[in-house]
Amino acid sequence: MQRCLLPCIACFVLLLMLSTASLARDDRVRERQSMVSEQIVARGVRDTATLAAMRAVPRHRFVPLAQSLFAYDDRPLPIGYGQTISQPFIVAYMTEIIEPGPGKKILEIGTGSGYQAAILAATGAVVYSIEIIPELAESSAKALEETGYGEVHTKTADGYHGWPEHAPYDAIIVTAASEFIPPPLIAQLKDAGLMVIPVGSPFFVQTLMLVQKRGDQTTSANLMPVRFVPFRRAE
Ligand code: SAH
């Protein structure tokens, strides 16, 4: 009797360990697959590097625990301090438009949760990201480290001034709405570099703009109406 029981218990423990390991590995992969096909591909995003990054980065690890259940919903979510993580489609759209990838150097203004920075890093780009709220800068750096994107360079500062030490950038992505395009950011773009930025009043619908630098000139195109949290200035 005992000879039969022991192998049975061993088998049970082994099965339990295997299923726990596969659950941990699963890491909500299926929810991400659905998010990408139903919210992102369905709305026209086609860039393979962007789609691969959106499938790979565990969005639920970048939202507060209380929001984890809703991490793959088709909407922005609160991340504390009056700030939000953007809707998955907007993250994908802004990523596709600045063409990130290996060999590209990208500056993000508004690290927030760290999710957009992780998506950019997942395409192979070198990412610099600035956050003005110290508590968010700290929690996003931790989330980036814990999810394997610790190579993202972060700092706490007013992103209006950019990060001149590492300029020029192939692309700049601003994730807070500014009344105008900060001149230091244009100065830190490479020639032919791209910037995506929501422009407009924090109290109304803003316009997502694509800015391209060409020598001393910049050209811009209006992409779509959006709603972002306001671009703040350090006192
Ligand atoms: N990209 C973020 C979105 C966060 S919301 C994400 O993936 O979660 C926008 C963020 O911009 C907020 O965290 C806000 O604090 C930050 N922000 C606003 N003005 C800023 C400024 N001047 N410099 C740096 N960060 C700023």
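This is a predicted model: local features need pLDDT of at least 70, side-chain atom pairs count only at pLDDT 80 or more; totals for chains, interfaces and linings use all residues.
Local features here need pLDDT of at least 70 and side-chain atom pairs count only at pLDDT 80 or more, while totals for chains, interfaces and linings use all residues. Residues are numbered from 1 along each chain as its sequence is written, and side-chain values use heavy atoms, with hydrogens and water left out.

**Figure 1. The protein chain has seven helices and nine strands.** Helices (H or I, at least four residues) and strands (E, at least two) are DSSP runs, numbered from the N terminus. Of the 235 residues, 46% are buried, where buried means under 20% relative accessible area with a 1.4 Å probe, protein chains only. Taking contacts (heavy atoms within 4.5 Å) with a separation of 6 or more, 54% link residues 24 or more positions apart. The accessible surface is about 12000 Å², and carbon and sulfur atoms hold 59% of that surface; the areas come from the Shrake-Rupley method with a 1.4 Å probe.

**Figure 2. S68 sits in the loop between α3 (48–56) and β1 (77–80).** Is this serine, S68, buried or exposed? S68 counts as buried because its relative accessibility is 15%.

**Figure 3. Helix α4 (residues 88–97) packs with helix α5 (residues 115–122).** Their axes lie 11 Å apart, at an angle of about 45°; each axis is a line fitted to C-alpha atoms over the stretch in contact, and angles run from 0 to 180 degrees between N-to-C directions. The two helices, α4 and α5, are therefore oblique to each other, since angles under 35 degrees count as roughly parallel, over 145 as roughly antiparallel, 65 to 115 as roughly perpendicular and the rest as oblique. On the α4 side, V91, M94 and T95 meet Y115, Q116, I119 and L120 of α5. By class, the residues of this contact are five nonpolar, two polar and no charged; Ala, Val, Leu, Ile, Met, Phe, Trp, Tyr, Cys and Pro count as nonpolar, Asp, Glu, Lys and Arg as charged, and the others, Gly among them, as polar.

**Figure 4. P182 lies in the loop between β6 (169–174) and α7 (183–187).** With 0% relative accessibility, P182 counts as buried. Which residues does P182 contact, leaving aside its neighbours within four places in sequence? They are Y160, I197 and F231. For a distance to check, P182 and H161 are 21 residues apart in sequence, yet their C-alpha atoms are 7.8 Å apart in space.

How values were computed
Buried means under 20% relative accessible area, exposed over 50%, partly exposed in between (1.4 Å probe, protein chains only).
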